[in-house]
There are 2 protein chains.
Amino acid sequence: MGIKGEKTRENILDVSYSLFAEKGFKQVTMKDVCETVGMSRGGLYSHFSSTSQIFEAILEKITEKDALDFESEIKKGIPAVQILDKALSLLKSEMKHPEDSLGIAIYEYAQTVDSDVMEEMNKSGEKRWAKLIRYGIKTGEFNDVNVNEIVNIILYSYQGVRMWSRIIPMKQKTFNSILDNIKRQLTER
Amino acid sequence: MGIKGEKTRENILDVSYSLFAEKGFKQVTMKDVCETVGMSRGGLYSHFSSTSQIFEAILEKITEKDALDFESEIKKGIPAVQILDKALSLLKSEMKHPEDSLGIAIYEYAQTVDSDVMEEMNKSGEKRWAKLIRYGIKTGEFNDVNVNEIVNIILYSYQGVRMWSRIIPMKQKTFNSILDNIKRQLTER
């Protein structure tokens, strides 16, 4: 694919992300994507043959980006506490913008496929966080915590907040309290 | 309402609970309820005028039951650790049965109403847990934790698990690790 093709593909993914975040998975059609991107049916189909395929490409992109993050920073020898702070403030900004969440779309999409794709995504999150926490324990910056416990607390309390923040207006205080608890468990002596 | 009427009402709520848990909120119609309960349209409408009304009655019932739980046990002077263990094992059994969860139905229902009902429900959960934790701190059974932090960790990690357990098969180990972490924060010296 040439540079122009790459750009169009990226544009389709960006536009579709917003559509899925707003409407969920089931309600978005290829026609919606065509109209919002402003391209012909033929043009869109030369890149993707279904909304499932677009959605999978988005998930892949998110997962890859996530997976890279910690790895490269650890390699650079950036302190674990610094990586953690950055990651937690990223979680916080995501918690604050429920309208950007693919949570519901992911749920709807998951009903249409076997669960392998979703398990892969979940495992990738687990591995990524486990790596950071082990790194911090090794450098002596983090307490000698039970890694699985903390990873699950991080992942699932975050998911719970994202879900509920689409249902009720949530307070900054709630996000902070969860992130404070995680940081406290890792670093408070 | 006579005893027979009460029984019919309870029966409608029980049957509808299963329908909502299975199908979500939007896909359940009054006709579905009639058919599953095995009653006439007129019979059903003499109790409830819409699926929203049925759903609200279910939420009310759940919330009331929840709210009572800790209160009466605390009044009886049952040790906080004992109440906690019972509550955590209840959460665990709920985590193990995602098919019984109203999570998705609640999300769909919430899109159809203003968010007051949901906020009320959420607040009731917060109050209930905060009461138990404060009680345990007072009796000296629990650590002097930050109450809001722990309450949010409990509520949202639980919600996150319930949501994801409908998307991917989840392991007992994951549930245990979250509940262990909560217990550890409260009781480990």
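Author: Contact means that heavy atoms lie within 4.5 Å. This is a predicted model, where local features need pLDDT of at least 70, side-chain atom pairs count only at pLDDT 80 or more, and totals for chains, interfaces and linings use all residues. Residues are numbered from 1 along each chain as its sequence is written, chains are lettered from A and ligands numbered from 1 in the order in which they are written, and side-chain values use heavy atoms, without hydrogens and water.

Reader: What makes α5(A) and α7(A) a pair in contact?

Author: Ala80(A), Ile83(A), Leu84(A), Ala87(A), Leu88(A) and Leu91(A) of α5(A) meet Trp129(A), Leu132(A), Tyr135(A) and Gly136(A) of α7(A). These residues divide into nine nonpolar, one polar and no charged. Gly counts as polar, whereas Ala, Val, Leu, Ile, Met, Phe, Trp, Tyr, Cys and Pro count as nonpolar, Asp, Glu, Lys and Arg as charged, and the others as polar.

Reader: How do the axes of α5(A) and α7(A) lie?

Author: The axes of α5 (residues 80-96) and α7 of chain A come within 9 Å and cross at roughly 145° (lines fitted to C-alpha atoms over the stretch in contact, angles from 0 to 180 degrees between N-to-C directions).

Reader: Why is the pair Arg184(A) and Glu149(B) called a salt bridge?

Author: The term asks for a side-chain nitrogen of Lys or Arg within 4 Å of a carboxyl oxygen of Asp or Glu. For Arg184(A) and Glu149(B) the N to O value is 3.1 Å, so the pair qualifies. Across the interface of chain A and chain B the rule finds two salt bridges, and over all chains a search finds 18.

Reader: Why does the pair Asp14(A) and Lys61(A) count as a salt bridge, and which parts does it tie together?

Author: The closest N and O atoms of Asp14(A) and Lys61(A) are 3.6 Å apart, so this pair also meets the rule. Asp14(A) lies in α1 (residues 3-23) of chain A and Lys61(A) in α4 (residues 51-75) of chain A, so the bridge ties together parts 47 residues apart in sequence.

Reader: How much area do chain A and chain B bury between them?

Author: They bury about 3,300 Å², 66% of it on carbon and sulfur atoms (accessible area, 1.4 Å probe, lost on being put together, summed over both). Tyr107(A), Tyr156(A) and Trp164(A) supply 21% of the area that chain A buries against chain B, more than any other three residues. The contact takes 36 residues from chain A and 36 residues from chain B.

Conventions
Buried area = accessible area lost by both parts, 1.4 Å probe. Helix = DSSP H or I, 4+ residues; strand = E, 2+ residues; numbered from the N terminus.
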